[in-house]
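Here is a quick tour for anyone meeting this structure for the first time. Have a look at it, then read on.

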Amino acid sequence: MSGAVAAAGALPRRRPSSTVRHQRWVLWGSYAALVVFAVMFLVPPFYTLMTSLKSSAEISAQKGSPWYPHHPTLSNFIYLITNRAFQIYYWNTIKVTVSVVVITMIISVMAAFSLSRMRFLGSQSLATGVFLTYLVPPALLFLPLFKVVGTVGLLNNAWSLVLTLPTLSVPFCTWIMIGYFSSVPKELDEAALIDGASWMQMLFKIFIPVAMPGIIAAMIFAFTVSWGAFIYPLAFLYSSNQMVLTVGVVSDLVRGDVFEWGKIMAGNVLAAAPPIVIYAFLMDYYIAGLTAGATKG
Amino acid sequence: MAQVSVRKVVKEYEGGVQAVKGIDLEIADEEFVVLVGPSGCGKSTTLRMIAGLEEISDGEIWIGGDVVNDVPPRDRDIAMVFQNYALYPHMSVFDNMAFGLKLRKMPKPEIKQRVDEAARILDIQQLLARKPKALSGGQRQRVAMGRAIVRHPKVFLFDEPLSNLDAKLRVQMRTEIKKVHQTVRTTTVYVTHDQIEAMTLADRVVVMNGGIIEQVGPPQELYHHPATRFVAGFIGSPAMNFIPVRIEVNGNTLSAKMPDGASLAIPTARVDRYGPFKDRKMLLGLRPEHLTEHTDDPKPGIARIDERVDVTEPMGMETMVHFFIDGAPICARVDPAVRAEPGEIMPFAVDMNHMHLIEPESGRVV
């Protein structure tokens, strides 16, 4: 009887088809590539975080595994948070970034709306021109901009960044927004026009809400450009009370040939925290397509 | 409520391409007019010019006694329903319908009353809190109509509103649109490429082709008395058959001689009308229902032709029989009980009392 049961249970094993085998290889290949890239990108921030939790003595001792702190300490963070200079860098960075994001969004949303929706002579060439300006590298621009900043009397003033950083963020954000506004169905603005909306009402009541994922994408870009800017602050700012985080951390915590690695890494973690939080909260909204249901679909 | 007049209106695009070539159209108050024609005939352009969404190159458009050539869409007091619904995706159904009223700073209680009234007419009261993405295609189209109704505009403009719906829903919504028009009696201009939609909805149908108006008239008139070959072929499904013939005189009578030599007697009542075309090559226009199975006791004006059946299409209440005359595809509507086999010779009855004679060069029905 047991033999009969065994015979009934033993179904003939089939070899997977070539398509299934191919798909499996593709899947494994994808996972392997993803793991390699994840490790590549995650190791530096992980090492930064671990180093920030070590004391200077532990870092200089170079004993044991460098991948985790043997005597974890928050002393580096406490030092920075209570340090007046670091507080100023942080405040300057927030001030500059918020201003740059606001200015960028006002200019690029208005520009993108007019370039994508209003038909006027040269709108196409203007749209291409906006994008071309983005192709000029900041390393080329900072020299002439140094002259401009000097002329307007903003050298060694954090507000010089509010004047200059939009030259990097506005063209790209405008380009992103042109693409987004162009994807909004034409019938939507025609319906709004017939409903009685002016161009400004159409922008604020229809386009901005509908293109919110695009606006958030542009805002994230403007935020990243401003928060992580290095060349312009390095060129235009030289007093401690005007510096932003990117240059402040390295100029304050590297004294001659003494690198305070623990504090530098803690500074990096504190500087990276706001972008990470913003990305984490806005990612869903960023990806979501609000236009679903606008037209047949 | 208002009359709409389109006078010598031209739409010319860059490069000199004329989409609309100087058309004239008078639409009466409360009338339901359907612009119909193939793609690129200028029907949507005409509608968009009435809406103010396209500039007019030449001519005048009047709405309610005023020239509106330079009046922006919002001041024309019109409402439009689009093919793609064009609902604002971030607003609820209520807000979509109320948007135009809010922009006109209407008091809130009146907005609510108008939206509720439109929702009742369209049976969408239960959908008012939903967003467009939570609606089916038919519901979205109802909301789009609701957005037009609440405004109480002078004119409704519909731009192929049913094209995105499936066949069953299209028939249902067609009835809804007709019902709405019977309720609110607003002057309506409706664009479609579907001639059945045009026939069922319109008080008058405007057939457009190549930027001109081929014919304007009530659906039945267009069907029974087409002015041109284009209208004859466009209106009616299956389309009218066109058979090349030569008009011949036999004493006091006329006949239409087909390429295979068969001769079809033209009813005496039409001899005077068709007399001037004797000895000329013409096109004989016959609707499929006037080309049926032959019976033993034919009525006056019925001629017989024998043709080899190519394809049969049983439809239930009738069967479409397809064959060729001198290479021209012909369709006959026969009784499903009659045997019609592909490849066999079948006798057909040609009802010459309903014939149309078309001048091939001008395309004019004579």
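In what order do three strands of chain B form an open sheet? The order is β15-β20-β16, with antiparallel pairing. Strands here are DSSP runs of E with at least two residues, helices are runs of H or I with at least four, and both are numbered from the N terminus. Two strands pair if DSSP finds at least two bridges between them.

Before going further, a word on the ground rules: this is a predicted model, where local features need pLDDT of at least 70 and side-chain atom pairs count only at pLDDT 80 or more, while totals for chains, interfaces and linings use all residues. Residues are numbered from 1 along each chain as its sequence is written, and chains are lettered from A and ligands numbered from 1 in the order in which they are written.

β16(B) and β20(B), residues 345-351, run antiparallel and are joined by seven bridges.

The axes of α3(B), residues 108-122, and α4(B), residues 137-149, come within 9 Å and cross at roughly 140 degrees. Because of that angle, α3(B) counts as oblique to α4(B) (under 35 degrees is roughly parallel, over 145 roughly antiparallel, 65 to 115 roughly perpendicular, and the rest oblique). On the α3(B) side, the contact uses B:Ala118, B:Ala119, B:Ile121 and B:Leu122, and α4(B) brings B:Arg142, B:Met145, B:Gly146 and B:Ile149. Being in contact takes C-beta atoms, placed from the backbone, within 7 Å. By type, these residues are six nonpolar, one polar and one charged (Ala, Val, Leu, Ile, Met, Phe, Trp, Tyr, Cys and Pro are nonpolar, Asp, Glu, Lys and Arg charged, and the others, Gly among them, polar).

Now for where the chains meet: 21 residues of chain A are in contact with 24 of chain B. On chain A's side, α10(A) gives the most, with seven residues. That side divides into 12 nonpolar, five polar and four charged residues.

Finally, chain A itself has 15 helices and two strands.

Notes:
Axes are lines fitted to C-alpha atoms, for helices over the stretch in contact, and angles run from 0 to 180 degrees between N-to-C directions. Two residues are in contact if their C-beta atoms, placed from the backbone, lie within 7 Å.
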